[in-house]
Amino acid sequence: MSVHDDLSSIQRSLDDLTRSVARLEQRRGSGGLEVRRVRTDTDHLRDSVALLRAAAAAPDAPRRPDLVTIPDTPYDGSLWTDSDDEGLGARDRRAP
């Protein structure tokens, strides 16, 4: 089976589940916490299947991370005037 076939099968099962939950709501009423929870879970499943379908439809292009350009020019020395040296503390004090 292909991914498309699997997703179609899942969609059919989810449609059956949605109809069953709707019948259950008619019989039991939609006011109970348990029925609302099942309805919410069914809606979450529907959203998840939609995301899977969108991901399967997208072409499998290699994804490159966004590149950050680092300039070759040195940083301005005033950026470091109030900074501490790593592990040594402040510049005007002795290391412990």
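What relative accessibility does R46 have, and what does R46 count as?

Analyst: R46 comes out at 30% relative accessibility, so it counts as partly exposed (buried is under 20% relative accessible area, exposed is over 50%, partly exposed is in between; 1.4 Å probe, protein chains only). Before going further, a word on ground rules: this is a predicted model, where local features need pLDDT of at least 70 and side-chain atom pairs count only at pLDDT 80 or more, while totals for chains, interfaces and linings use all residues. Numbering runs from 1 along each chain as its sequence is written, and side-chain values use heavy atoms, with hydrogens and water left out.

Now for what R46 is doing. It forms a salt bridge with D15, and the closest N and O atoms sit 3.5 Å apart (the test is a Lys or Arg side-chain nitrogen within 4 Å of an Asp or Glu carboxyl oxygen).

Q11 has a relative accessible area of 18%, so it counts as buried.

Stepping back to the two helices themselves: α1 covers residues 3–28 and α2 covers residues 33–57, and they pack at about 160° with their axes 10 Å apart. The axes are lines fitted to C-alpha atoms over the stretch in contact, with angles from 0 to 180 degrees between N-to-C directions. The two helices are therefore roughly antiparallel, the cut-off for that label being over 145 degrees.

The structure holds 3 salt bridges, so let's do the other two as well. R39 and E25 meet at 2.9 Å, N to O, and this pair also links distant parts of the chain, with R39 in α2, E25 in α1 and 14 residues apart. Here both R39 and E25 are buried. The remaining bridge pairs R19 with D16 at 2.3 Å, N to O. Those two are 3 residues apart in helix α1, so about one helical turn separates them. R19 is partly exposed with a relative accessible area of 46%, and D16 is partly exposed as well, at 41%.

One more spot on α2 is worth a look: V35 lies in that helix and is buried, with a relative accessible area of 6%. The C-alpha atoms of V35 and A22 are 9.6 Å apart, and the two residues are 13 apart along the chain.

For the whole chain, there are 2 helices and 0 strands. Of its 96 residues, 12% count as buried, and Q11 is one of the residues under the buried cut-off. Among contacts between residues at least 6 apart in sequence, 54% join residues at least 24 apart.

Methods: Helices (H or I, at least four residues) and strands (E, at least two) are DSSP runs, numbered from the N terminus. Angles under 35 degrees count as roughly parallel, over 145 as roughly antiparallel, 65 to 115 as roughly perpendicular and the rest as oblique. Contact means heavy atoms within 4.5 Å.
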